[in-house]
Amino acid sequence: MENVRIKVRDANLYYGDHHALKNISIDIYDKSVTALIGPSGCGKSTFLRCLNRMNDLIPNVKINGEIQVAGNDVNRYDVILLRKKVGMVFQKPNPFPMSIYENIAYGPRIHGIKSKTTLDDIVEKSLREAALWEEVKDRLKSDAIGLSGGQQQRLCIARTIAVEPEVLLMDEPTSALDPASTMKIEDLMENLKKQYTVIIVTHNMQQAGRISDYTAFFLNGEIIEYDKTEKIFYKPRDKRTEDYITGRFG
Amino acid sequence: MNEIKNVRHSRIKERLAFYLLWVFSILTIIVLALIVSDILVKGLPHISFSFLLEEPRKMGKAGGIFSVIVSTFYIVVLSVVFAAPIGIAASVYLTEYAKEGPVLRIIRYGTEALAGVPSIIYGLFGYSFFVVFLGLKYSILSGALTLTLMILPTIVRTSEEAIKAVPSSYREGSLALGATKLQTIIKIVIPTAMPGILTGLILGIGRVVGESAAVIYTAGSSLGVPDSILRPGRTLSVHLFTLASEGLSAENTYATAVVLITLVLIINFIANTLINKIFIARRR
Amino acid sequence: MIFREKIVEKILLFCAGIAVLGVAIIGIFIFREGWPVISNTGIIGFVLGKDWAPTQGIYGIFPMILGSMYVTLGALMIGVPIGIGCAVYLAEIASQRLSTIIKPGIELLAGIPSVIYGLYGMTVIVPIIRDLFNNQGFSVLAGSIVLGIMILPTIINISKDSIEAVPKEYKEGSLALGSSHWQAIIKVVLPAARSGIISSIILGMGRAIGETMAVIMITGNSTLIPESILSPVRTLTGNIGIEMGYASGEHQKALFATGIVLFVFIMVLNLLAKLIPNKVGE
């Protein structure tokens, strides 16, 4: 049995009066890719954002229940350190309006690393891990905004890796990209999961089937079914899961 | 361990920074309160109906400010009468008719430049052009014409915003019924944009009331109710300046200041509540 | 029908053009009146001349240029940190409740006439300086304090707008990497808002240089070169404002000439306000 990296028990989230997440309980396993699938608006992204407390940015949000990352309750753990441990890549690539180098060095600098040589190493290592190094190694000082969409997203992945997280949260990371860039990033996942626990929200079921080890099916704020990916896709236990997988709704 | 130390440092820095910024923000309110209360405290005791309705005597050392109020009223009304049609017309042109190109850019640059000209330059200009060159002499008219130019950018800017905010669906609906562009503008666009336009006019009035450098050298500083717009007149701000610099009467100085600041507060209040109540409510 | 519309369009165009016409005529008339004095004294002599003695036909406005510069610089030193700080606070940190108190306050501050600022400066600030430093009280310092307050609304409003215009994805990205809110503001949001903030500073500068009445009432109006921030000083605007009341003939033209210099300063500043931010923002 693999290690449980993230443990959630009976988590509920309310946007004002709207009960967005209902009694979520799930164990996410270490060094694997877990896909969260389900129709739009069913809570996948909301749940994801609970794991690094990005929901704190939204006013009128109430959360209860137990959410533990690497043995630490997220609400009792310092949010800054939590976000260092739990990195996030957003749906729309959001590089800072700075050079490629500066984008990657930003995180380490924030966390206290000042030595230029260390930073240089981190930048290279992160870009290599994100499969972007060869493409940009000669123009590290150029503006990140000049990169293509797919490159920008890999830059954001590199930026997140640079702070040495344990968990990588990816919120529909390829939905804004073209098929070729999407493929590159999906290839990346195989390598990423060797080092990190990856949780990816996707509404592209083929993608979930291709790259994930475990899959959780969300519907109306609840987890209907959670199991190894092959089981979910070929022998789902719940009829609703089967309907969604076979495209009857969603 | 290093990590936790770092975080603690960041948090401390953050708390200090936020506190400092809070202080700065509160400072602006404190300064406002200091100034307004100083004026009110020193001036309110000397306000009375007779002060408002009596004529100034002994160059303002005694008596009231009636003629000053009248002159201010005349100059405000006249300035708005001139500036409103021109400003609204200009904003209509800029939003409904103008096409991208050098002409548009020149007009925009001109309007911005006009907004940046210091009031004393308006004073010099008004003097050399209206008072001397056009022979209007020191008069309410000279003052109003100068102030018209001064408040034009404000009126154009706010009217433009108001007109742009009118949904294009209104225009399309009107045109689809067979109305001409002009009819659409007059009957639909401008009435809808009216709250915003009015706000701009009121802000313009506020500027006129508060203006002194441009007014002294165009409308003059003679006391006495002007019989016509071709006669000079002293406005509230000019009167305050004169009383303050010549130190004739502290009571009257502060009383005048109270009237001026009350007027400005009322104008400001109307302009800002108009924005909030009518304009935004309509947009919903 | 179409013909009538065409005529109306031309009228509207004319109205829009009045602004341009206005600027042009202002420029023409100021130059017309003032240029003779500048050409007589020579540009260098006028701008760098240290003596202003109209009764003897000597017109040098260097002390006034310095006066305007010192007072403006002082105003910026006060107004910029407080203004940008307040803008950041309102845009990023302040609660709804606090905002509803502070925002109208700033609008009011912007609407207070300059003579009121002058009156306050004259009757409160100047005596305080007089007591603290044992001098006249009318000084560069007094001018800087009052002007600093007067330019706050300009700097706050424009900076605040620029900060609010920064895409919130930048801030989110920074927070997701484990930065504090303050770090996100300082390292990502403010740099992204840089060009707008610089614009606000330049516009604040223009406002300070152009202020007349408040300055006349509190700076002492000495025509000597100011030696320290406690020295009395006369600004370009003050020069015009004080003497216009009784100047005639060549003296009056010299005041227009002062106006030319002021006008040129302001036009250059406005141009900078448009050009610099675009370059810096790249």
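Start by selecting strand E3 (residues 33-37) and strand E9 (residues 214-219) of chain A: these two run parallel and are joined by four bridges. Helices (H or I, at least four residues) and strands (E, at least two) are DSSP runs here, numbered from the N terminus, and two strands pair if DSSP finds at least two bridges between them. Zoom in on Ala35(A), and you will find Thr215(A) of E9(A) standing opposite.

A word on what you are viewing: this is a predicted model, in which local features need pLDDT of at least 70 and side-chain atom pairs count only at pLDDT 80 or more, while totals for chains, interfaces and linings use all residues. Residues are numbered from 1 along each chain as its sequence is written, and chains are lettered from A and ligands numbered from 1 in the order in which they are written.

**The sheet in chain A**

Now widen the selection to the open sheet of chain A, where six strands follow the order E6-E7-E8-E3-E9-E10 with mixed pairing. At its edges, strand E6 (86-89) and strand E10 (222-228) of chain A each pair on one side only. From one strand to the next, the twist averages 15 degrees; axes are lines fitted to C-alpha atoms, for helices over the stretch in contact, and angles run from 0 to 180 degrees between N-to-C directions.

**From chain A to chain C**

Next, show chains A and C together. Their contact takes 19 residues from chain A and 13 residues from chain C, two residues being in contact if their C-beta atoms, placed from the backbone, lie within 7 Å. On the chain C side, helix H7 (168-176) and helix H8 (181-192) are the elements that give two or more residues, and H7(C) gives the most, with six residues. By class, this side of chain C has six nonpolar, five polar and two charged residues. Ala, Val, Leu, Ile, Met, Phe, Trp, Tyr, Cys and Pro count as nonpolar, Asp, Glu, Lys and Arg as charged, and the others, Gly among them, as polar.

**Chain C on its own**

Hide the rest and look at chain C, which has 12 helices and two strands. Its C-alpha atoms fill a box of roughly 75 × 70 × 35 Å, taken along the principal axes. Of its 282 residues, 57% count as buried, that is, 20 or more other C-beta atoms lie within 10 Å of their own, with C-beta atoms placed from the backbone.

Colour domain 1 (2-46) and domain 2 (63-281) of chain C separately; these bounds come from an automatic or database domain assignment. The C-alpha centres of the two domains lie 28 Å apart. Nine residues of domain 1 are in contact with eight residues of domain 2, and helix H1 (residues 2-41) of chain C provides the largest share of the domain 1 side, eight residues.

Then pick helix H5 (residues 114-133) of chain C, which has a kink of about 40 degrees centred on Gly121(C). The bend at a residue is the angle between axes fitted to the seven residues ending there and the seven starting there. Among the buried residues of H5(C) are Tyr117(C), Gly121(C) and Ile129(C).

**Last stop: chains B and C**

Finally, bring back chain B. Its contact with chain C takes 65 residues from chain B and 68 residues from chain C. Select helix H1 (residues 2-43) of chain B, the source of the largest share of the chain B side, 19 residues. That side has 43 nonpolar, 16 polar and six charged residues.

Definitions and conventions
A residue is buried if 20 or more other C-beta atoms lie within 10 Å of its own, exposed if 12 or fewer, and partly exposed in between; C-beta atoms are placed from the backbone.
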